[in-house]
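Subject: Structure handover

Hi,

Here is the model you asked for. My notes follow below it.

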Amino acid sequence: MSALEHAAVLELRDVHKLFGENHVLTGVDLLIEKHEVVVLIGASGSGKSTLMRTVNLIERVDDGQILLSGDDITDPRAATDKVRARIGVVFQHFNLFPHMRVIDNVTLAARKVHRMPADEARTKGVDLLTRFGLGDKVDEYPDRLSGGQQQRVAIVRAILTDPELLLLDEITSALDPMLVGEVLDLVRSLKDQGSTILMATHEMSFARSVADRIVFMHQGRILEQGTPEQVFDAPREAATQEFLARVTHR
Ligand SMILES: Nc1ncnc2c1ncn2[C@@H]1O[C@H](COP(=O)(O)OP(=O)(O)OP(=O)(O)O)[C@@H](O)[C@H]1O
């Protein structure tokens with residue numbers, strides 16, 4: 001077997017990011033294996049979003065390397081659109097096109113970027129929407145859907161082309177609390193079907209129940225990581241203890 005076949009889905013090696021004088025990522029090392037669900041937690045401003053944005057090449061790292069299934073995507077010669085086509089991304093705001101029906105939103109990238117034939121994309125889109133309880137919304141426009149439904153559509157869009165990695169950045173933060181559960185249930189199904197996920201969230205009980213590994217970020221680096229039991233029940237670092245004391249009552 002070649003070394004590539006053993007490559008982790010995602011590897012960050014000593015990643016640094018600065019915004020002017022603000023050193024936001026201060027040396028992040030992270031390894032995510034296939035089928036792993038890794039949840040990033042940490043205070044506001046600790047660098048979770050920035051970390052995810054460097055993986056999707058929205059932000060360029062200032063130092064260090066990021067490898068996707070063994071390919072150095074921080075190499076300036078790596079084609080940004082080809083890298084992005086291998087990663088499914090869902091942000092806090094759904095960013096659906098308001099003038100396009102749900103099915104067209106879901107299949108657009110598959111058809112235009114991945115050159116999937118339109119009928120195949122539609123069949124796959126309808127199948128996934130149906131599986132996730134949106135079968136009757138296929139031909140609706142986004143503004144006829146609840147926030148939770150729109151976010152589920154955004155997730156279906158992200159998984160339509162079977163990406164190697166899913167990045168989920170605070171996907172429930174903009175939702176009415178009543179609608180959070182349906183979105184988190186979908187994430188749980190993705191885990192059950194073997195997706196590889198890097199997710200930032202403030203939903204601590206969900207993080208505990210879904211994560212294979214919890215990664216606690218503090219001041220731009222990973223302060224500690226481990227199973228949910230290790231990090232939530234026996235945090236080693238004072239900063240982790242303080243953070244958890246503040247958020248776990250939620
Ligand atoms: N485009 C940008 N330009 C300048 N500074 C930025 C930019 N994006 C993020 N920052 C700064 O980087 C730091 C980390 O922000 P980031 O959004 O990564 O934190 P976070 O842990 O995701 O926070 P939250 O939980 O609130 O989403 C903050 O100090 C923020 O102000």
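Strand β7 and strand β8 (residues 197-200) run parallel and are joined by 4 bridges. Two strands count as paired if DSSP finds at least two bridges between them. L168 has M199 as its bridge partner in β8. β7 also pairs with β6, again in the parallel sense, over 4 bridges. There, V89 has L167 of β7 as its bridge partner.

This is a predicted model: local features need pLDDT of at least 70, side-chain atom pairs count only at pLDDT 80 or more, and totals for chains, interfaces and linings use all residues. Residues are numbered from 1 along each chain as its sequence is written. Helices (H or I, at least four residues) and strands (E, at least two) are DSSP runs, numbered from the N terminus.

A residue is buried if 20 or more other C-beta atoms lie within 10 Å of its own, exposed if 12 or fewer, and partly exposed in between; C-beta atoms are placed from the backbone. In β7, 5 of the 5 residues are buried, so the strand is largely enclosed by the rest of the structure. In a regular strand the side chains alternate between the two faces of the sheet. Both faces of β7 are covered. L165, L167 and D169 are buried on one side, L166 and L168 on the other. Strand β6 (residues 87-90) is also covered on both faces. Its buried residues are I87 and V89 on one side, G88 and V90 on the other.

**The antiparallel sheet**

An open sheet of 4 strands is ordered β2-β1-β4-β5, with antiparallel pairing. β2 (22-32) and β5 (71-72) are the edge strands, each with a single partner, so one side of each has no neighbour in the sheet. Strand β4 (residues 63-68) and β5 run antiparallel, joined by 2 bridges. L67 has D72 of β5 as its bridge partner.

**Loop residues**

S69 sits in the loop between β4 and β5. Its phi is positive, about 45°, although S69 is not a glycine. S69 has 17 C-beta neighbours inside 10 Å, so it counts as partly exposed.

L57 is in the loop between α1 and β4. Its phi is near 65°, a positive value in a residue other than glycine. L57 is partly exposed, because 19 other C-beta atoms lie within 10 Å.

E21 is in the loop between β1 (10-19) and β2. Is E21 buried or exposed? It has 5 C-beta neighbours inside 10 Å, so E21 counts as exposed.

**Ligand shell**

Which residues surround the ligand? They are F19, N22, V24, G42, S44, G45, S46, G47, K48, S49, T50 and E170. Near means that a residue's C-beta atom, placed from the backbone, lies within 6 Å of the molecule or strand. β2 and α1 (48-55) each supply at least two residues of this shell. The largest share, 3 residues, comes from α1. By class, the shell has 2 nonpolar, 8 polar and 2 charged residues. Ala, Val, Leu, Ile, Met, Phe, Trp, Tyr, Cys and Pro count as nonpolar, Asp, Glu, Lys and Arg as charged, and the others, Gly among them, as polar.

**Domains**

The protein chain is divided into domain 1 (1-86 + 165-250) and domain 2 (93-163). These bounds come from an automatic or database domain assignment. The domain centres, taken over C-alpha atoms, are 24 Å apart. The contact takes 13 residues from domain 1 and 13 residues from domain 2. Two residues are in contact if their C-beta atoms, placed from the backbone, lie within 7 Å.

On the side of domain 1 that touches domain 2, β7 (165-169) and α6 (177-192) each supply at least two residues. α6 gives the largest share of that side, 5 residues. By class, that side has 10 nonpolar, no polar and 3 charged residues.

**Annotation**

An unreviewed UniProt entry annotates residues 10-244 as "domain: ABC transporter". UniProt positions are given in the numbering used here, feature names are shortened, and annotations may be inferred rather than shown by experiment. In the model, the end C-alpha atoms of residues 10-244 lie 27 Å apart. The span is 37% helix and 26% strand.

Best regards
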